[in-house]
Amino acid sequence: MADVDHFKKYNDTFGHPAGDEVLKRVAAVLKDMTRAVDCAARYGGEEFALLLPETELDGAMEVAERVRARVEATQFPGRAITLSIGVAIFPKDSGEATGIVAAADEALYLAKHGGRNQVAQAKRVRKQRLPAAPFAQTAGRSSDPIFWVTVSSKRDFGVRLYGTRRPQIWMTPF
């Protein structure tokens with residue numbers, strides 16, 4: 001989870017068109033710095049989410065730091081822009097879709113309160129039993145968490161639990 005530092009102040013100082021340009025440039029950096037298998041999305045306001053499948057903690061921290069440094073080095077109208085980034089790993093930090101977002105948000109909070117313009121990793125580990133394979137029944141109990149991703153024409157995606165009708169997380173990649 002990434003958040004543009006002091007974005008409201010930037011918008012108030014330079015206006016919403018300049019703020020929109022900041023969001024576009026940050027999105028371009030995220031898109032340029034990710035692999036085809038990764039998914040960068042605007043999560044809301046000035047927050048962005050970056051999903052890095054098949055990436056361990058060290059790799060995720062490295063990507064986050066490169067993104068942070070690239071945004072810091074990018075020219076923006078009016079003044080420099082920085083990002084604070086929180087990193088969480090599935091299933092280490094949470095075995096639930098909403099839990100992994102909460103863990104990344106918690107790490108983002110640590111980065112913000114640690115001085116901004118930095119990357120922080122989730123500190124609290126929440127252990128949870130996960131199924132052996134997606135879409136499989138485990139021990140015959142339909143209440144066991146089974147995750148899958150719904151993709152609609154590469155325009156949007158959601159992460160949901162097997163047996164639920166609506167995604168717990170829904171984002172639109174750019």
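**Close-up views of a predicted model**

**View 1. Ala122 lies in the loop between strand S5 (119-121) and strand S6 (147-152).** Strands (E, at least two residues) and helices (H or I, at least four) are DSSP runs numbered from the N terminus. The model is predicted: local features need pLDDT of at least 70 and side-chain atom pairs count only at pLDDT 80 or more, while totals for chains, interfaces and linings use all residues. Residues are numbered from 1 along each chain as its sequence is written, and side-chain values use heavy atoms, without hydrogens and water. Ala122 has a relative accessible area of 6% and is buried (under 20% relative accessible area, 1.4 Å probe, protein chains only). Leaving aside neighbours within four places in sequence, Ala122 is in contact (heavy atoms within 4.5 Å) with Val87, Ala88, Asp93, Ala103 and Ala107.

**View 2. Helix H2 (residues 16-32) packs with helix H3 (residues 57-73) at an angle of about 140 degrees.** Their axes are 10 Å apart; axes are lines fitted to C-alpha atoms over the stretch in contact, and angles run from 0 to 180 degrees between N-to-C directions. Val26, Val29 and Leu30 of H2 make the contact with Val67, Arg70 and Val71 of H3.

**View 3. The largest nonpolar core has 28 residues.** Such a core is a set of buried Ala, Val, Leu, Ile, Met, Phe, Trp, Tyr and Cys residues joined through side-chain atoms within 4.5 Å. Val4, Val22, Val26, Phe48, Leu83, Ile85 and Val87 touch the most other members. H2 supplies the largest share, seven residues. A second, separate core of nine residues includes Ile100, Val101, Ala107 and Leu108.

How values were computed:
Buried < 20%, exposed > 50% of the residue type's maximum accessible area, 1.4 Å probe, protein only.
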